[in-house]
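Student: Could you show me how to read helix packing and a ligand site in a model like this one?
Tutor: Gladly; let us look together and take one feature at a time.

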Amino acid sequence: MSLTEHLDLRGGRVCWPEADDSLPAADPLPRHAVDVAIVGAGVMGAMLAERLTAAGRTVALLDRRPPARGSTAASTALVMWAADTPLTALTETWGPAEAQRRWRRVHAAVLELAARVATLGLDCRWASRPELYLAGDLLDAHGLRREAAARQAAGLPSAFLEADLVASRFGLPSRAALVSGDAFEVDPVALTQGLLAAAAKRGATLTWPADVTDIVTTAAGVRLTTAKGATLDAGQAIIATGYEAARQYLPAAFRLGSSFAIATAPGTDPAWRDEALIWEAADPYLYARGTADGRIIVGGADEDFADPARRDAMLDAKRAVLERRGAEMLGIGELRADCAWAATFGSSPDGLPAIGRVQGQENLWLAAGFGGNGVTFASLGASLIAAALAGAPDPDEACFSPYRFG
Ligand SMILES: Cc1cc2nc3c(=O)[nH]c(=O)nc-3n(C[C@H](O)[C@H](O)[C@H](O)COP(=O)(O)OP(=O)(O)OC[C@H]3O[C@@H](n4cnc5c(N)ncnc54)[C@H](O)[C@@H]3O)c2cc1C
């Protein structure tokens, strides 16, 4: 019996430094009960631990891997509020008020994260960048104008740019786009480690490798059991296990696929102006960003299967596709990958995550950042769950319920 599936989450080589000597020491599993046990020490678990220890709770994190070595290390870490499903499309499903409400809450989560990074003084290459959403087969120039109007009606900082203005302002091929504010880039591994360190300073423990195989309800809350038979009692447990989802709790609407990314050698960037975060209104879409050490990252070319062997077997072919299509999108002569990686990726029908209490369980929570904005969704998850545990539920919490699709 296993709480979560074991997945080979990524193949190839990512561009973030992952040296073993940067790993925090592993703590023994606490002998005493804690307020909150968090299963998973990726960006979601780290964000939760930081927020909950700041609220004065005792927290224990458990991970079967070293911290920040799951999907978080595969992330290209564009920190955005605009979701994969456009606001105009979400409006057709939920109506304008409900669609706007969801997008505004995600936007607020980005700003909360920016404030948190600043307050904690995290050294994680956090930088504010304009975000460019280029016309594609999902939204052409006309569709982007409507999308801009919908975002502006929601009070969100986006504006439509004609193709020639995109070219002159950003030094990119001529293509209509939305330009948006309140977007950022970050090193996701450094961010996660910084958050874990902040939580550890306030007494959080981080136990790895510790594979949680079972969580049961007790009179005082929950009891977690590991593969080695050790147990931990907690008032609450949060399942922050990423794409290794607890399928007995997470509905099938949250699906797995595969995604691919390349990064050029350090010193290649900047190749366009203002170091904008770039993505396409297309399905599947391509996206690009620079890094603090001057790499160009290009990602996308997604597949809707999740089999790791099949995924990794495609890496060489996908590297060539990303080099060619990335160079076209950016209008540069050649892109040559210094590293390339393939990874499991989770999506949802509305591009939004699964955050909330497990149905029928008082003390068990899901925090699954499915959708393109996993880093932002970690900030959102931490806010929603911290508010609920403080007895003051966020007014928008139902928008992100894992069970919203029925
Ligand atoms: C190629 C790619 C590009 C991406 N680009 C972006 C981007 O540009 N912007 C963005 O915001 N998001 C992006 N994402 C998404 C984002 O990276 C993820 O949503 C996020 O990193 C997931 O974090 P997590 O903490 O939920 O999962 P993980 O980092 O995978 O952490 C979960 C942890 O849970 C542990 N675990 C699982 N089961 C158990 C168990 N039973 N017991 C103990 N431990 C367990 C795992 O070992 C793992 O370490 C991208 C993802 C990929 C793959």
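Tutor: Helix α1 passes helix α6 in a left-handed crossing, a term used when the near helix is turned anticlockwise from the far one by less than a right angle. Helices here are DSSP runs of H or I with at least four residues, and strands are runs of E with at least two, numbered from the N terminus. This is a predicted model, in which local features need pLDDT of at least 70 and side-chain atom pairs count only at pLDDT 80 or more, while totals for chains, interfaces and linings use all residues. Residues are numbered from 1 along each chain as its sequence is written.

Student: At roughly what angle do the axes of α1 and α6 cross?
Tutor: The axes, which are lines fitted to C-alpha atoms over the stretch in contact, with angles from 0 to 180 degrees between N-to-C directions, cross at roughly 30° and come within 8 Å, for α1 at residues 43-54 and α6 at residues 188-201. Therefore α1 is roughly parallel to α6, the word for angles under 35 degrees.

Student: Which residues come nearest to the ligand?
Tutor: A residue is near a molecule if its C-beta atom, placed from the backbone, lies within 6 Å of it; of the 40 residues around the ligand, G42, G70, S75, G242 and G374 come nearest.

Student: Why does the ligand shell lie between domain 1 and domain 2?
Tutor: Domain bounds come from an automatic or database domain assignment, and the shell lies between domain 1 (10-74 + 189-252 + 351-400) and domain 2 (255-347) because both give residues to it. The centres of domain 1 and domain 2, taken over C-alpha atoms, are separated by 28 Å.

Notes:
Parallel < 35°, antiparallel > 145°, perpendicular 65-115°, else oblique.
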